[in-house]
Amino acid sequence: MSDDLLEVRGLTVEYVAEGGSVRACDDVSFTVRRGEILGVAGESGSGKSTLITALTRLERPPAVTTAGQILFRPHGVAEPIDLVPLTEKQLRKHRWRDLAIVMQSAMNALNPVLRLGAQFTDVLRHHDRGLGRAGAERRTEELLSLVGLTAAQARSYPHELSGGTRQRATIALALACGADLVVMDEPTTAVDVVMQRQILANVLRLRDELGFAVVLVTHDLSLLVELADRIAIMYAGKIVEVGTAHDIYHRPSHPYTAGLRASFPPLHAPVERLHGIPGTPPDLRRLPSGCAFHPRCPKRFEPCDSVVPRLSAVGDQEVACHLHSHDRSEVVDA
Ligand SMILES: Nc1ncnc2c1ncn2[C@@H]1O[C@H](COP(=O)(O)OP(=O)(O)OP(=O)(O)O)[C@@H](O)[C@H]1O
């Protein structure tokens, strides 16, 4: 069986409006291996949430996927499934069981009028018709204990629980059906830093135990460096660099990655001075010519304002930057 669980090819998502469309995800390609944690980072507006909602086929108008493939290879399936053309009914077969989602706010995922335990047993029994009530309750307890919650908490309504507890419950719910891929969009923004660390440490432990892969979106690069195996950096709707968490942190190749890294506190050293990236991300309706980052880039040179750099391999990383173009003639001729 292929090691690649997910292979995204040329995914393009546009927000369609009368005055013109905005391409918030532009020809995005990457892979997610079985059991790996792939982080996606970038400033606000870079297209992270757009990518995630398209990936899980949850985008709604005005967002439209206009090109690309999302090839998914869940367990027990011989040929990869392209999620892009599937109908909602076809997708339902994969949701929870193969592909689970943890959204920014746990309140959106949990039904406010159902006790926590009932939501778990509903999901479990929907996906396993042979599972009796007692079996579903036992499994619910197991799942809640995985994230440190008690059977007593299963009898609570979501509003009776703290934000952190609700978010842990959402993660347990996402794991209820043994999904191969769990997609998380800023899963801990609603909770304090201590709880954030606890929740993410839980995700890491569960991943080691259960072997699911995670696509984790956050603007917090230092958090990803601690948690992710590989990191994809987005800027203006494009992936500009992908590499191991170690390389992204210690040897960033794209000047944007280097700037993003410098704007976060060091992992294990006192904070001295943080250097932000000058300027702001571009308005996607009026993208700069060439590399979208060039107006903010300290290393720009002659091709940068006229030629869009392509994502290409540089050692173990992939980088879209003219500084790393193998073939400068390609840059000059284009
Ligand atoms: N509903 C919408 N209608 C039109 N354009 C939108 C809409 N939502 C997002 N966009 C456009 O897509 C861009 C990317 O937005 P997206 O939410 O995917 O970015 P993000 O990286 O997730 O940002 P954040 O970290 O703030 O959530 C925005 O800058 C905006 O131009």
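This is a predicted model: local features need pLDDT of at least 70, side-chain atom pairs count only at pLDDT 80 or more; totals for chains, interfaces and linings use all residues.

Me: Why is Leu-55 called buried?

Reply: Leu-55 has 28 other C-beta atoms within 10 Å. The cut-off for buried is 20 or more. So Leu-55, with 28, is buried. Leu-55 belongs to helix 1, residues 48-55.

Me: What does Leu-55 touch, leaving out residues up to four places away in sequence?

Reply: Ile-70, Val-183 and Val-215. A contact needs C-beta atoms within 7 Å. Val-183 is 128 residues from Leu-55 along the chain, and their C-alpha atoms are separated by 8.7 Å.

Me: What makes strand 7 and strand 8 a pair?

Reply: Pairing takes at least two bridges. Strand 7 (residues 181-185) and strand 8 (residues 213-217) have five, in the parallel sense. Therefore they count as paired. Within this pair, Val-183 stands opposite Val-215 in strand 8.

Me: How many strands form the open sheet, and in what order?

Reply: Eight, in the order 6-7-8-3-9-10-12-11, with mixed pairing. The twist averages 20° from one strand to the next.

Me: Why are strand 6 and strand 11 said to stand at the edges?

Reply: Strand 6 (99-102) and strand 11 (312-314) each have a single partner strand, so one side of each lacks a neighbour in the sheet.

Me: Which strands does helix 11 lie across?

Reply: Helix 11 (residues 255-262) lies across strand 3 (37-41), strand 9 (230-235) and strand 10 (238-244). Helix 11 runs at about 105° to strand 9.

Technical notes
Residues are numbered from 1 along each chain as its sequence is written. Helices (H or I, at least four residues) and strands (E, at least two) are DSSP runs, numbered from the N terminus. A residue is buried if 20 or more other C-beta atoms lie within 10 Å of its own, exposed if 12 or fewer, and partly exposed in between; C-beta atoms are placed from the backbone. Two residues are in contact if their C-beta atoms, placed from the backbone, lie within 7 Å. Axes are lines fitted to C-alpha atoms, for helices over the stretch in contact, and angles run from 0 to 180 degrees between N-to-C directions.
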